[in-house]
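Please open the structure in your viewer and keep the selection tool at hand.

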Amino acid sequence: MNYSTRIANQVRGQSPMAGLDRRNLGPMQVFAQSVSGAAPAAAMAVVPAIVAASAGAATIWSVLIATGLALLVAGCIGRFTRRMAAAGSLYSLTAKGLGAGPALLAGAGLLVGYSLLGMASLTGAAMQITALIGGFGVTPAASPVVAAALVVVLAGLVAACTVRGVRLSAAVVLLVEALSITLMLVVFGVLLVSQGIGVDSRQLVPSGTGLGAVVAGVLPALGAFIGFEAAAAMGVEARRPFRTIPRAVGATAALTGVLSLLAAYTQVAGFAGAPGGLAGQQQPVRALAAAEHLPWLSTVLDAGVATSFLACSVATTTALARLLFSMGREGVLPARLGRAHRRFRTPHVAIAVALPVLAAAPVVLIGLGLSPARALVPLLTTAALGYLVAYLLVCLAAPVFLHRIGELTVVSVAATSVIVPVLLVVLVAFVSTAPVSVAALVTGAVLPLVGARYLWMRARRPERVAAIGLYDETSTADLLGPPLPPRSEPPPGRGSAHRRERARPRPPPGPQR
Amino acid sequence: MSPQPPPSVPGRQPRAVRNALAVLAEVVAAGPGVTAKEISAALRLPRATTYRLLNLLVAEEYLVRLPDLRGFALGARAGRLAVPIVPPPSTAARAVLAHLRGRVRWGVHLASYAGCQGTLVARDPDHPSSEPHLLARHPYVSALGKLLLAETPDRPVEGGLRRFTEHTVSDPARLAAQLREVACSGLARQCGELHAERGCLAVAVRSPSDGSLVAGLALSGPAHRVAEPNTELVDLLRAHAGRLSPLLA
């Protein structure tokens with residue numbers, strides 16, 4: 001075969017992800033997307049106290065181990081994102097390693113994770129904003145009607161900026177997240193200084209805390225990292241995806257780890273003298289601020305957490321929309337979801353379908369009489385469950401994928417053989433300790449749906465099963481050389497993916513064959 | 001992976017560069033679709049090193065992975081490693097230029113943008129034009145270069161911004177704003193940014209089929225004349241650019 005036929009056999013004239021704003025986001029914007037997905041500010045305020053409940057004075061060690069694990073997961077994700085640019089995040093990546101069935105499971109996990117984290121961040125933002133307004137002495141701020149109305153308004157804002165263009169939403173995310181992290185650094189910096197200089201050595205060499213307690217603390221500590229893979233959905237839109245996305249995910253794990261360590265150290269040291277230590281505290285940062293006679297810190301904290309939730313809601317909506325978009329293009333979900341706005345180049349149908357759901361759920365929960373703070377707990381725990389399933393599958397998929405493309409390395413096998421058993425244990429521990437209600441309800445509803453859809457597709461539409469894992473492949477424009485004769489294909493984005501596949505019965509080439 | 005003790009960093013860098021170049025050459029030699037294992041075997045490089053170099057070259061877009069994710073081919077960016085070969089304009093295109101030269105008292109120049117690089121293909125014999133290499137090396141000081149930069153706003157200007165005169169736009173933010181204006185209006189203007197007394201105006205010649213930037217048509221003259229609105233002149237320039245587009249695309 002000569003040069004052009006060897007390439008022309010597999011390269012299409014247009015990427016299957018055409019329609020999105022291709023190769024247009026800078027490294028900082030992609031990084032901000034991931035950081036916002038992890039929402040470190042909210043984690044800094046809440047997570048250390050939960051970790052301390054099991055790890056006590058050794059909290060920072062639990063956080064350190066969790067950071068190491070998150071870096072390992074980031075490494076596994078990086079093995080894919082260095083080689084393929086996907087919009088479907090871990091779902092598309094898992095498909096290239098483990099095939100359609102596990103990919104659908106990872107996709108369902110991500111759908112649950114993104115949706116519930118989106119709901120939680122809208123709820124959390126509304127809650128923090130009402131707290132901020134309440135702090136200025138405006139009384140009706142605490143009413144549930146205000147909280148519900150705020151959720152709807154915020155969802156409208158998120159919709160406007162995610163539909164209007166990925167560059168706008170990425171800029172908003174970068175700005176808001178930077179503000180949030182700055183505010184949190186102010187809070188913890190001031191606390192650390194006011195506690196006095198001097199290293200709290202009991203934290204570094206904890207005595208009286210067993211290894212088991214440290215390990216038990218790793219589970220809640222991992223909660224701080226949930227959502228850190230959000231950049232993996234920007235494969236199509238990042239300017240140099242193979243460089244920026246693996247770096248963004250890895251750096252987010254590291255940054256979240258450092259921020260969590262800072263938060264954990266400050267809080268454990270602050271409550272060193274208190275009976276029960278950090279573990280007994282409901283609102284540790286507020287209590288510390290009050291103890292140091294710095295009441296304004298609570299307001300800064302509220303603002304930091306509110307902005308973190310806001311950025312998180314934009315980031316998760318962005319990732320969720322691209323996941324739905326990918327599934328729409330493949331025909332796994334209705335093909336309408338795979339449409340892109342012709343001018344704004346965003347998956348506007350997917351956003352229009354997703355955001356009303358994201359806004360409605362918190363409104364219903366608040367309407368049922370749950371306070372926003374109580375509504376957050378089941379949403380966040382169930383979201384974490386979804387994410388953990390997806391992380392587990394993508395880590396398992398990494399060496400299989402490398403083997404399929406003939407690039408298996410010892411390091412990737414070693415990383416997976418460490419992280420997969422750990423994630424399995426975490427998942428089992430999580431399921432056994434989580435409150436039964438919501439997580440079980442969601443799992444019970446989602447799993448049969450996914451299974452039924454998979455079996456139906458396998459029986460009736462095998463070409464859609466083969467299409468799972470569509471990504472932004474190399475197209476003729478990316479290659480050096482004269483343009484190849486175009487293959488007759490209606491441009492995606494206009495016609496439905498459904499029709500496209502009938503016109504082209506051959507499944508797209510992938511490592512499956 | 002390698003049996004030798006790890007060499008110190010400075011000693012290692014030249015070898016890494018040599019290996020990367022060897023990998024590039026091997027992809028060219030073996031043809032598209034060559035796999036990582038084949039490259040590793042052909043170059044007798046450790047596999048992990050080969051994979052790392054390949055991923056690096058893919059990240060920098062000199063190489064691309066083919067849709068099966070196993071095979072490699074040269075990416076569009078590798079074209080920047082070679083000087084673009086630009087054929088001289090056709091007789092019909094030269095006739096359009098001669099027609100324009102007959103109607104204005106300015107210098108008329110034509111640049112091709114093949115390979116994402118500006119190359120002067122027709123210089124006005126009666127009017128001085130800037131040195132040809134300046135267009136490729138300092139595109140931001142000429143109207144023809146600004147047209148190209150406005151088309152690819154995300155591509156960083158290589159080598160930084162050098163000041164030639166007091167009018168040179170050497171602030172990146174100001175240049176970006178100016179390029180946005182150029183992209184909007186389709187007209188690039190340079191007044192005394194390279195030589196204090198001279199300036200030029202340029203409009204794009206676009207492919208009639210897909211609207212991609214093919215060439216730029218420029219008028220050069222005294223800086224103070226370029227700064228005027230020149231509405232009629234610009235219309236004339238645009239009309240000729242329109243006539244050139246089917247001849248050059």
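Angles between axes under 35 degrees count as roughly parallel, over 145 as roughly antiparallel, 65 to 115 as roughly perpendicular, and the rest as oblique. This is a predicted model, in which local features need pLDDT of at least 70 and side-chain atom pairs count only at pLDDT 80 or more, while totals for chains, interfaces and linings use all residues. Residues are numbered from 1 along each chain as its sequence is written, and chains are lettered from A and ligands numbered from 1 in the order in which they are written.

**First stop: two helices of chain A**

Select residues 27-38 and 241-270 of chain A, which are helix 2 and helix 11. Helices (H or I, at least four residues) and strands (E, at least two) are DSSP runs, numbered from the N terminus. The two helices pack at an angle of about 45°, with their axes 9 Å apart; axes are lines fitted to C-alpha atoms, for helices over the stretch in contact, and angles run from 0 to 180 degrees between N-to-C directions. Helix 2 of chain A and helix 11 of chain A are therefore oblique to each other. Among the residues making the contact are A:Phe31 and A:Val35 of helix 2 and A:Ala248 and A:Leu255 of helix 11 (contact: C-beta atoms, placed from the backbone, within 7 Å).

**Second stop: where the chains meet**

Now show both chains: 26 residues of chain B are in contact with 26 residues of chain A. On the side of chain B that touches chain A, helix 3 of chain B supplies the largest share, five residues. Helix 3 spans residues 47-59 of chain B.

Next, find the open sheet of five strands in chain B, with the order 5-4-8-7-6 and antiparallel pairing. Two strands pair if DSSP finds at least two bridges between them. Strand 5 (119-122) and strand 6 (187-191) stand at the edges, each with a single partner strand, so one side of each has no neighbour in the sheet. From one strand to the next, the twist averages 30°.

Select residues 107-112 and 213-222 of chain B: strand 4 and strand 8 pair in the antiparallel sense over six bridges. B:Ala111 has B:Gly216 of strand 8 as its bridge partner.

**Last stop: helices across the sheet**

Select residues 91-103 of chain B, helix 4, which lies across strand 4 and strand 5 and runs at about 150° to strand 4. Finally, helix 9 (residues 231-248) of chain B lies across strand 6, strand 7 and strand 8, running at about 40° to strand 7.

Methods:
Two residues are in contact if their C-beta atoms, placed from the backbone, lie within 7 Å.
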